[in-house]
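Student: I have a model open and would like to go through it with you. Can we take it piece by piece?

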Number of protein chains: 2
Amino acid sequence: MQKKEFSVTPWEVKGNIDYERLIKEFGLSPISSLPRQFQENFLFRRGIIYGHRDFDKVIEAVKNKKKFVMMTGLMPSGKFHFGHALVLKQILFYQSLGAKIYIAVADLEAYNTRNPNLSELRKTAIEEYLINYIALGLNPKNCDFYFQSQRSKDSEKSNAYYGLANRVSRYITFNEIKAIYGDITPGKLSSALLQVSDMIHSQLPEFEGPSQVVVPVGSDQDPHIKLARDIIQRIKDYKFIQLSSTYNLFLPGLKGGKMSSSDATSYIALTDNLDDTSNKIKKYAFSGGQNTIEEHRKKGGNPDTDISYQWLRMFFEEDDKKLEKIYHDYKSGKLLTSELKQILIDKLNKFLKQHQEKRKKAEKLVDKFLLI
Amino acid sequence: MQKKEFSVTPWEVKGNIDYERLIKEFGLSPISSLPRQFQENFLFRRGIIYGHRDFDKVIEAVKNKKKFVMMTGLMPSGKFHFGHALVLKQILFYQSLGAKIYIAVADLEAYNTRNPNLSELRKTAIEEYLINYIALGLNPKNCDFYFQSQRSKDSEKSNAYYGLANRVSRYITFNEIKAIYGDITPGKLSSALLQVSDMIHSQLPEFEGPSQVVVPVGSDQDPHIKLARDIIQRIKDYKFIQLSSTYNLFLPGLKGGKMSSSDATSYIALTDNLDDTSNKIKKYAFSGGQNTIEEHRKKGGNPDTDISYQWLRMFFEEDDKKLEKIYHDYKSGKLLTSELKQILIDKLNKFLKQHQEKRKKAEKLVDKFLLI
């Protein structure tokens, strides 16, 4: 058997990911025909959201204007970068469709697997994540933003959420845990079970009651989805509706491969200085171009491996026609790497300048999210 | 190596227990010199509470009139019998010493390891346990009686309690879990970690803050104590005071061996009918007497193996002089088995008659314990 040259788990993403193979291995369904609302979203349209489980039930809910919930989480560590912002694009999309949004700050998971300092984690969650979310357009209305360590100011809600996290442990064996996660620590197991509650507790009567939940994730989070889906089928004393999930490509790091908070040359943070950003793109962004201008004019570049192009495709250029032109111009050699980089830099700098202005207003809105 | 002829774990107690060996194997300290208040309690005085960990800190707290906490739990299953009532004697004793009492209804543990029906478990906890506790004298003042599934009506308290249960998972490995419990299920592991929070959460600022906690247990619960003590030493982001614990003998079952809720001929429940009770004692209570009256008069009986005598010693006869007389009369053959049984039956029936009257009043006081 051939050795896999990539590895995708909730705690590690390594190598160049073969998404078609992932779809097969994970048993996902490819995203195929989608109704208008979804086609209008470039993440769906361009296959950046590439796979799903039971997503038709979400499409049905949208069609029939039925209440549904989008749930996601964030790990409060490191800088908030464009990889994280890709998740937020999805949150905003579902919010525009009328979904109730649940956002869990995985501070207990971070405590158990990274940094055992809850107040530091809380500060990071607010300053790096929440303020950026608000600046990017997250609306406090119909949005339940919470910390795993402080689920609610309503004790009935808190008791229901934590009680469920404990009860789900009944429905899984250690052999199944090993099959899903490999060898894990008690801290990771507790976090995984709490995450099951994060994904399904909106269905409890203390919250929204029974309604469809969709969890958009990167493929690395699929083990958590599988665990929750297995458990849902087994719980007999409360009728949970099976989860839907979608899977998105990872925004690649500047140098190709994974974007990682622990490597500042792999990402651009939303609070990065504009000059630094330009330099980072020029210096690190992996190029699909040729070694000399002459060669490039002759042979053309490869947009599929070019990070600047990929960032335009996956984040900064939502206009398909403009993107197509860039694609063909680069491929034909008409557009040079330095010019392609400059298109990204201009887009990025415009974005960051506006964003950093919006952050100032966003800071004043933080309390609206913390009073739930 | 000699095979052990008994086994004591949190989920099973089998065989005839050699308490001296338990003290050695578990690394407990024997109960030795005790101040007056403790000597006045027959459970301490007679060595029914036979071992401890760090109990001197509780003695110090009592001497110096410092605030301290007594924590215990109950498993809401089966009938409330005299084995359970022995725990309550200790609760009442600590309440009389001024301790704040924490009583956890382990309904989530019961859900995960026995019966996944929380409303049934709640009903059993109230009707079989709480009402008997109240009838036996439990005072709602200074007593925090709670369900694991509904820690508090104050969300800050609930969040703190459940958050702690999740965080403690960081401080233990699966190898250590195996060394303490053997092979367990995820449900049992979750329950064990929640139980750590049950034992230590009173020390959080949301509850009593730092103060000594004593957990009186039967030896079968020592693994939970060990787990909590190990974890306490490792948590660095909050300073927990090390737990104290005491260990009591099990009230033996009627036929000798273990008293078990699943064998109605092994116990007497506090709601049992008086006639049935007399018959059960006559029929099942294991006797230390001789086969014939003549032989008994000549050789005498053995109070150490006689269950009726043991029940008098461990529960019904608090007067040392009366107990001593019974001991010697039985040993000398002056007291016959039928007469010894009748002493127990008279005591028991008097107790049950009064108790069952008190239960009626107790039913009206239930709400005082459920409004916390």
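Student: Leaving aside its neighbours within four places in sequence, which residues is Val196(A) in contact with?

Tutor: Val196(A) is in contact with Ala165(A), Val168(A), Leu227(A), Ala228(A) and Ile231(A). Contact here means that the C-beta atoms of two residues, placed from the backbone, lie within 7 Å. This is a predicted model: local features need pLDDT of at least 70, side-chain atom pairs count only at pLDDT 80 or more, and totals for chains, interfaces and linings use all residues. Residues are numbered from 1 along each chain as its sequence is written, while chains are lettered from A and ligands numbered from 1 in the order in which they are written.

Student: Which residues have the most contacts inside the largest nonpolar core?

Tutor: Val196(A), Ala228(A), Val196(B) and Ala228(B), in a core of 197 residues. A nonpolar core is a set of buried Ala, Val, Leu, Ile, Met, Phe, Trp, Tyr and Cys residues joined through C-beta atoms within 7 Å. Buried means 20 or more other C-beta atoms within 10 Å of the residue's own, exposed means 12 or fewer, and partly exposed is in between; these C-beta atoms are also placed from the backbone.

Student: And Val215(A), why does that one count as buried?

Tutor: Val215(A) counts as buried because it has 23 C-beta neighbours inside 10 Å. Val215(A) sits in strand E8 (residues 212-218) of chain A. Helices (H or I, at least four residues) and strands (E, at least two) are DSSP runs, numbered from the N terminus. Beyond four places in sequence, the contacts of Val215(A) are Met71(A), Thr72(A), Met199(A), Ile225(A), Leu243(A) and Ser245(A).

Student: What order do the strands take in that open sheet of chain A?

Tutor: The order is E3-E4-E9-E8-E5-E6-E7, 7 strands with mixed pairing. Strands pair if DSSP finds at least two bridges between them. At the edges are strand E3 (29-30) and strand E7 (143-147) of chain A, each pairing on one side only.

Student: How many bridges join E4 to E9 in chain A?

Tutor: There are 4, between strand E4 (residues 49-53) and strand E9 (residues 244-248) of chain A, which run antiparallel. Gly51(A) stands opposite Tyr247(A) in E9(A).

Student: Last one: is helix H14 of chain B mostly covered or mostly open?

Tutor: Mostly covered: 9 of the 10 residues of helix H14 (residues 307-316) of chain B are buried. Among them are Trp311(B) and Phe315(B). The cover includes helix H5 (82-96), helix H12 (274-284), helix H15 (320-332) and helix H16 (337-363) of chain B.
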